[in-house]
Amino acid sequence: MIFRNGIALLLSIGVLLGFFQQSVEAQTEFEITPQDPTYVFGESLAFRAALESTEDIEQVVLFIQAAEQADLEIFPVEMDRLGNLASNIDLQVSPLPGFADIRYWYQVNTSSGETFQSPVYTFVYQDNRYEWEVVSDEQFNIHWYTGDLDFGKELLNVTLVAGRDIQELLDVFVPDSLDVYAYESVQDMQAALPSVGSYWIAGHAAPMQEVILVSLPPGPDQRLEMERQIPHELMHAALNFTDAHAYSNFPVWFNEGLASLVELYPDPEYANLTKNAFEAGELIPMIALCQSFPSDQQLARLAYAQSSSFTKFLYDQYGKTGFNRMMAAYASGLSCERGIQEALGSGLESLEQSWQRANFAGVTLGIALRELLPWLLVLLALLAVPLVMIVIVMKKRPARSDYE
């Protein structure tokens, strides 16, 4: 009897729990069916969805988050009486990073005070302003919109050579999959990166998106720019891919100097920039280039030139082993000065002086001669007076035949 009563009790509890669960499910039942977002790159973004709910809806909001970013953007959502949802975003006011994976979801607030969240949806925010051509191998996808297939193959070949050179230079890993986008102008490229800031920047690496962007205007210098920009940006991507923590702690001069080292065609103006700055006593102290580069265009160019020259000097002195030690030191969190001291056994200021002596020896001699020139002229003038007097005296002295 007790056994039967126990079974009946358990069955009753089960029925009640099932009823309670069905009631809760009935109260919380809702479904969102999203459409693919549509957008005009850099201008507008539209979200559409259909909402079905057993509850009266008080409010719907949309959350948007770019992958690898902590910040959330929240936007209002309009809903008609049929449950159609619409949200339109002005991308000039609320820009998104180009080529990023974008996460979004809806939050539904009911009239009874309940709150529900939809699943998280994603899309890739591609630059759809152009009709991109594509050529690929197992590792790289090359995109361009001006030029023929031979131009695309040329881009791919430069990228492949740069990848091999990077791995010979340092113990780093080039990403297994990377997209290279070649724009026709700096302006087109920078429009894809509203946060790039400096209008003179011609290329950009976005390692989190596994994308690099370059600007290659048609003309006689296009191939040279290709051989400079692609290796430069690919090195940035490889350094981040190998160790993102170390990369974020690199001194800026080291980061940009490493990228310059692998350029197939380095900037020919850099040597003159550093030489002229040294002659004028206007070199930027390397310690000032640890955290950032100047915002002024001319000073920024000098900062890039110095970083390139200084880093090449260090690599010539310490090689791959020394640079691997530097990367490990910065990966451990050491500061700009402590990292180089720990890795190379010499301080930043001492190495900077060695670089200047080695790189500007001829310039130093010329400066010394220029500084001594006024004194040499004075000395010559002082010596000239007695010499002239001696000549005059010798001319006035009677000849020997006058006394005979």
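Author: Arg301 and Asp267 form a salt bridge, with their closest N and O atoms 2.8 Å apart; the term here requires a side-chain nitrogen of Lys or Arg within 4 Å of a carboxyl oxygen of Asp or Glu. The two residues are 34 apart and link distant parts of the chain, since Arg301 lies in helix α8 whereas Asp267 belongs to the loop between α6 (252–261) and α7 (270–279). This is a predicted model, in which local features need pLDDT of at least 70 and side-chain atom pairs count only at pLDDT 80 or more, while totals for chains, interfaces and linings use all residues. Residues are numbered from 1 along each chain as its sequence is written, and side-chain values use heavy atoms, with hydrogens and water left out.

Asp267 is buried, because its relative accessible area is 12%, where buried means under 20%, exposed over 50% and partly exposed in between, with a 1.4 Å probe and protein chains only. Arg301, by contrast, has a relative accessible area of 22% and therefore counts as partly exposed. Arg301 also forms a salt bridge with Glu269, and here the closest N and O atoms are 2.7 Å apart. Glu269 is partly exposed, because its relative accessibility is 47%. Elsewhere, salt bridges that share partners join Glu154, Arg223 and Glu227 into one network.

By the salt-bridge rule the count comes to nine. One of these joins Asp171 to Lys320, where the closest N and O atoms are 3.2 Å apart. Asp171 sits in the loop between α2 (149–169) and β13 (178–183), Lys320 in helix α8 (residues 297–331), and the two are 149 residues apart. With 47% relative accessibility, Asp171 is partly exposed, and Lys320, at 29%, is partly exposed as well.

As for the setting, the chain has 11 helices and 15 strands, which are DSSP runs numbered from the N terminus (H or I with at least four residues for helices, E with at least two for strands). Helix α4 (residues 222–242) has 21 residues and is mostly covered, 16 of them being buried. Its first and last C-alpha atoms are 30 Å apart, close to the 30 Å expected at 1.5 Å a residue, the expected span being 1.5 Å times one less than the number of residues.

Strand β4 (residues 57–66) is largely enclosed by the rest of the structure, because seven of its 10 residues are buried. It pairs with strand β8 (residues 101–110) in the antiparallel sense over nine bridges, pairing being assigned if DSSP finds at least two bridges between two strands. Within that pairing, Gln59 stands opposite Asn109 in β8. Strand β5 (residues 73–76) also runs antiparallel to β4, through four bridges, and there Ile74 is the bridge partner of Phe63.

Over the chain as a whole, buried residues make up 41% of the 404 residues.
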